[in-house]
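Dear colleague,

Please find the structure below for your records. My notes on several of its loops follow.

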Amino acid sequence: MEAKTTIIDLDDLEIFKELSHNPDSDSDDDFLEANFWKKPPLPREIKPPTKGEYIELETYIEENCGNRLTILQSSQSFSNLERPLVIFFNHFRELCYYHTKWLDSFHQLALKYEDHIDFMVGDLMDIDVLYPHRNPLEFFSAMAFPEQETPLTFAVDTKRRIYQHFDAYHSMETFSELCDNLLKQNLCLSQPLVVQKYEYNVKMCVHQTYKQLVTDSSKDVLLIVGTGDYEPFKENEPNFEKIAGLYQNLSLLYINCEQNYIPFEFDISYNTTIIFIPSKNKENFIKLNRPTTDASVIEFIEEMIGPQSEYFRQSRLASMKYKSFTLAEDEMDFCNFEVYLHQHFPYTIKILHKMPHNPKCALIFFMNFQKKGVSHYVETLRIIHQVAAAHYFCQYFIADISDINLLLPKWYRQERMQKIYNEATRPICIAIDRQNFKYLTDFSQYKTAASLFYYSLRVYYSRLFYSQLPTFNYSHLIKFVTAHNIFYVLQQSKRDIFLTIHQGENFEKSSNVLSVLEAIASEAKKLGIRLLKMDASRNTIPLEYFCQTYPANFFIPHKNKDEKTIRYPHSDYDKDNLLEFLRKINV
């Protein structure tokens with residue numbers, strides 16, 4: 001009994017690549033009427049990405065918000081606040097076009113509270129005003145596209161206490177509620193003082209007594225920030241009562257973060273957090289960053305108060321701060337540079353020695369290190385390092401421009417390598433997405449760490465990739481391929497291939513070349529050559545076959561493709577010339 005014939009729409013690209021079918025078919029029929037068990041499904045349609053218009057943040061604020069909204073500066077200080085302040089962060093600098101609705105909403109808030117609250121907007125890259133030791137890119141989400149991000153919201157009262165507002169709705173109602181609570185001073189809560197039934201070694205702290213017990217204390221403080229009321233012998237928690245009894249000159253304090261304002265600089269989560277606050281310099285606090293057991297807490301305290309306490313504290317503080325990329329010396333050759341990277345920045349930038357094996361996502365930057373030296377590219381390296389330090393969804397490699405052949409087939413290198421090398425006045429980036437498509441771009445397009453992050457995210461989520469079926473003139477003699485299946489067809493074909501890439505169906509040149517291919521299809525089949533066509537206006541073209549203008553044609557032998565592929569040298573597409581080319585190349 002024959003399997004049911006139907007048209008299938010499949011979302012899973014990996015399954016699509018693996019389905020068993022005859023890659024040497026000359027007909028489009030196996031796409032149009034796919035046998036469920038043996039034929040490949042229709043590729044799902046992905047439209048080319050669209051790009052929004054660029055809007056300058058300053059211009060939009062000036063023209064639409066007047067002086068009601070101000071733009072946060074990277075050097076902003078909150079030392080002399082006359083009125084409470086609300087700050088909104090988002091991708092306003094480079095993607096303002098997508099976030100004007102938020103600016104309009106903030107403007108309405110500013111009009112509503114104009115005599116009582118000041119309002120600021122800031123780009124996410126300037127959030128280090130609030131988090132001075134962190135990489136701003138840590139606040140860029142890799143789980144959502146930046147065009148769709150909601151703002152991060154912070155309120156600052158006149159006592160310079162900073163409060164982060166968490167909001168699932170981001171509506172005028174919830175923003176107004178935040179402003180009302182800010183004016184009523186309801187954001188910095190303090191738990192009522194309660195007389196304890198028992199005398200504990202660990203003392204209770206509330207926001208109201210924080211200044212007395214911590215800020216003005218002459219002792220070192222170990223602050224335990226937890227949820228709920230203090231329980232001296234809580235299961236799966238250290239025995240803080242026993243630990244407190246071991247140290248007479250150390251105050252162990254407990255504060256409930258659910259009912260008390262916790263200083264913003266502690267950056268605590270809703271898990272138990274242990275913070276050592278030295279008496280001589282309370283700004284140099286250290287958080288315990290290991291599992292909380294009796295032994296680990298005692299070891300942590302000993303490090304903080306022992307003979308080498310200053311060394312331990314300074315080492316821990318340095319390790320917690322974001323380390324920007326620097327060169328130890330102005331002149332460094334490329335060989336020594338790899339050793340330097342391994343010693344000082346081992347987890348961000350790697351030197352490319354061979355093609356990454358099945359990379360989920362990789363960005364490889366080629367620079368002319370041999371000619372210009374490493375120091376010439378220090379700003380480029382600083383941008384790459386900053387992105388790589390914050391996000392691990394991509395791998396980041398660097399290489400000398402002479403090693404670009406590691407990523408390109410031999411025939412491509414022979415034809416185009418010299419041109420690429422000669423024109424490489426700026427760094428070149430080749431990105432590889434999760435479908436193994438490569439994209440060549442000039443690094444000068446990414447002048448900031450934010451813009452490189454946006455590009456990396458588009459590569460990771462294959463937003464540069466699109467694949468669509470043709471809409472016209474299906475052929476029984478010339479098989480169309482899409483971006484989804486071109487690699488599979490090229491790899492699995494047991495016959496030589498003549499690939500034609502054209503630009504849409506309505507262009508005169510495309511129509512002419514497709515007509516010529518139809519005319520020679522029978523003769524090509526006798527020669528054992530398969531004719532394939534691909535529409536560049538509806539599909540991402542693999543880097544090896546990408547051209548500035550189309551149509552373009554490539555002879556791809558089924559054996560030794562890496563060396564023997566040849567681009568058809570003529571542009572007149574005369575039937576006789578094309579057949580003569582195929583006869584000669586097929587010998």
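Proline 551 lies in the loop between β22 (529–535) and β23 (552–556); helices (H or I, at least four residues) and strands (E, at least two) are DSSP runs, numbered from the N terminus. The peptide bond that leads from tyrosine 550 to proline 551 is cis, with omega near 10°. The model is a predicted one, in which local features need pLDDT of at least 70, side-chain atom pairs count only at pLDDT 80 or more, and totals for chains, interfaces and linings use all residues. Residues are numbered from 1 along each chain as its sequence is written, and side-chain values use heavy atoms, with hydrogens and water left out.

Most residues other than glycine have a negative phi, and most peptide bonds are trans. Histidine 170, in the loop between β9 (162–165) and α5 (172–183), has a positive phi near 50°. Tyrosine 573, in the loop between β24 (566–567) and α18 (575–585), has a positive phi of about 55°. Histidine 170 counts as buried because its relative accessibility is 15%, where buried means under 20% relative accessible area with a 1.4 Å probe, protein chains only. Tyrosine 573 is also buried, at 11%.

Where is leucine 124 found? Leucine 124 belongs to the loop between β7 (118–123) and β8 (152–156), and it counts as buried because its relative accessibility is 4%. Not counting residues up to four places away in sequence, leucine 124 touches Phe89, Asn90, His91, Pro136, Phe139, Phe140 and Leu152 (contact means heavy atoms within 4.5 Å).

Yours sincerely

Technical notes
Buried means under 20% relative accessible area, exposed over 50%, partly exposed in between (1.4 Å probe, protein chains only).
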